[in-house]
Amino acid sequence: RKNPAIHAEACSTDFSTAEAGYSMRREDMPATVQKGSGHDYGKFMARSFRRLSGKNSVWGHAGYRRGTIYDVRWNSTSDYDIIYPYVTADSLGGNLTSEEYTAGGGYGHRTGRWIWGIEGNLRASHEYRTVNPRPRNIVTDIDASAGAAFTAGKVRIGLHIRTEIYRQRSDVDFYGDKGIIGEYFMSGLGAHYARFKGNDNGTMFKGHSWSAGISVIPDSHKDGFYFSALYNRQITEKTLTDKNKLPLQKAIPNTVSAMFAWTGGKGSRYLWGISASSSYRYTGGYESIVAENISNEYRSLGELEMFQSDKLSARVDGTWGQDTDKASWYLTPGIRYMSSREIYRYPRQCEEWAYLTAGTGFLYRRYIRRTALEIEAGTFWRQCVSETMDIPTATLEPSMAGMLRSNHLMASSDYVQGRIKLRADFMTGKNLDIYVSAGYILSVTVPGCVNMQ
């Protein structure tokens, strides 16, 4: 997330946009079964940045998205990446209707060498299905941040903090006699809390997080050195609302990330830049030790760390190009390494994979009177360098084992991807620009071999 103090001087003049669009995705074999095999979304987003004076600025945004997510299985909850591995799930699944509202804004003020900024954002979503099983998930996600930045010589140094409150109420209902199956409270890698499997599945996810970051950028948007570092800690607890709000599971991710970059070439024939970034994320997953049920009262006696996840990402990217009055072009090569290891302690289960990605992008923009035409294209190749999956399939349902096998196969497979995007801007007045754009991405997977033990 950006430091609101630095964002306070993102534009030198007032700037507003309003966009309406459509997004479609289809996957013959889902990259992650729990996220579905595709979607159709209609969406709208409006953003505005205004300078109230030479020292004050405000900005804001509002958006709406609605559509369908197809063939979601082994996941009856929303925001899979936030609450993983503690999703509520079943083997049947189906399509989900999804809608989301977003809004937010901020304020910045300059005092001499110092800039101060605050920002707040809200996201609310609703996902449901009208056939058995019938999940209904309501999400509220609120964050607030505050930051400061000061000028020291030729650079601007910024510090910021951010906090977030997350809530998700999730229920799964069954109407009639068809499609009635039990819901699982998943614990990672096919493990689940077997004691509470069934139809009393009302859950509440309560989360909060905080983060702190530092950033260094050239003053007045000049060429030079860029640096940023961020630490984030998040705690998300799952409680059973039908069991006296019993705290059942808890995920605690900790993330550290850093980025270095250097840009140059302003005033010369070619512009260039190079960046290197890395992030590490450790997630500890905790399960409650629940006492015997006495008069329908459930009590937690303590908790054990049963799940752990380590994810590492590192990448190097470059930019080289030219910008003139009539046209501009840029080449953007890059290489990335990513690895993941997940362990469930007892019965011990383990999954690991790592891959390298290399590719390049190209952008060309042509100015013709009051029109700008743009084409953006790119391709990359992903190569798996290692993979291991050690899960005792004898203890799993066949459909659950198939889900784990499918997810690991897609995560550890080689694939090539190509993309293209076209855009046309039409300046209809002194301060008005209308644009249309369309893009297409094609990924072709070369599956590997998954050995489950």
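Predicted model: local features only at pLDDT ≥ 70, side-chain atom pairs only at ≥ 80, totals over all residues.
Residues are numbered from 1 along each chain as its sequence is written, and side-chain values use heavy atoms, with hydrogens and water left out.

**The whole chain**

- The chain has three helices and 20 strands; these are DSSP runs numbered from the N terminus, with helices being H or I of at least four residues and strands being E of at least two.
- Its radius of gyration is 24 Å, close to the 22 Å that the globule rule gives for 453 residues, so the chain is as compact as a globular protein of that length. That radius is taken over C-alpha atoms, and the rule is 2.2 Å times the number of residues to the power 0.38.
- Along the principal axes, the C-alpha atoms fill a box of roughly 75 × 50 × 40 Å.
- Of the 453 residues, 42% count as buried.
- Look at contacts (heavy atoms within 4.5 Å) with a separation of 6 or more: 66% of them are between residues 24 or more positions apart.
- The chain exposes about 23,700 Å², and carbon and sulfur atoms supply 58% of that; the areas come from the Shrake-Rupley method with a 1.4 Å probe, and for residues only the protein chains shown count as cover.
- The mean positions of the 55 positive and 46 negative charges sit 7 Å apart. Lys and Arg count as positive and Asp and Glu as negative, with His and the chain ends not counted; each charge is placed at NZ of Lys, CZ of Arg, CG of Asp or CD of Glu.

**Helix α3**

- Helix α3 covers residues 398-411, and its 14 residues should span 20 Å at 1.5 Å a residue; the end C-alpha atoms are 20 Å apart, which agrees. The expected span is 1.5 Å times one less than the number of residues.
- This helix is mostly covered, with 10 of its 14 residues buried. Among them are M400, M403, L404 and M410.
- The cover over those buried residues includes β9 (184-188), β10 (191-192), β17 (349-368), β18 (371-390) and β20 (433-446).

**Y166 up close**

- Y166 belongs to strand β8 (residues 155-173), and with a relative accessible area of 4% this tyrosine is buried.
- Y166 and K206 are 40 residues apart in sequence, yet their C-alpha atoms are 5.8 Å apart in space.
- Leaving aside neighbours within four places in sequence, Y166 is in contact with residues including S78, D79, R123, D141, F205 and K206.

- The peptide bond from N132 to P133 is cis, with omega near -15 degrees; P133 lies in the loop between β6 (114-128) and β7 (134-152).
- Y346 and P347 are also joined by a cis peptide bond, with omega about -10 degrees. Find P347 in the loop between β16 (327-344) and β17.
- Back to L189: this residue is in the loop between β9 and β10, and its phi is near 55 degrees, a positive value in a residue other than glycine.
- R369 is not a glycine either, but has a positive phi of about 55 degrees. R369 sits in the loop between β17 and β18 and is exposed, with a relative accessible area of 84%.

How values were computed:
Buried < 20%, exposed > 50% of the residue type's maximum accessible area, 1.4 Å probe, protein only.
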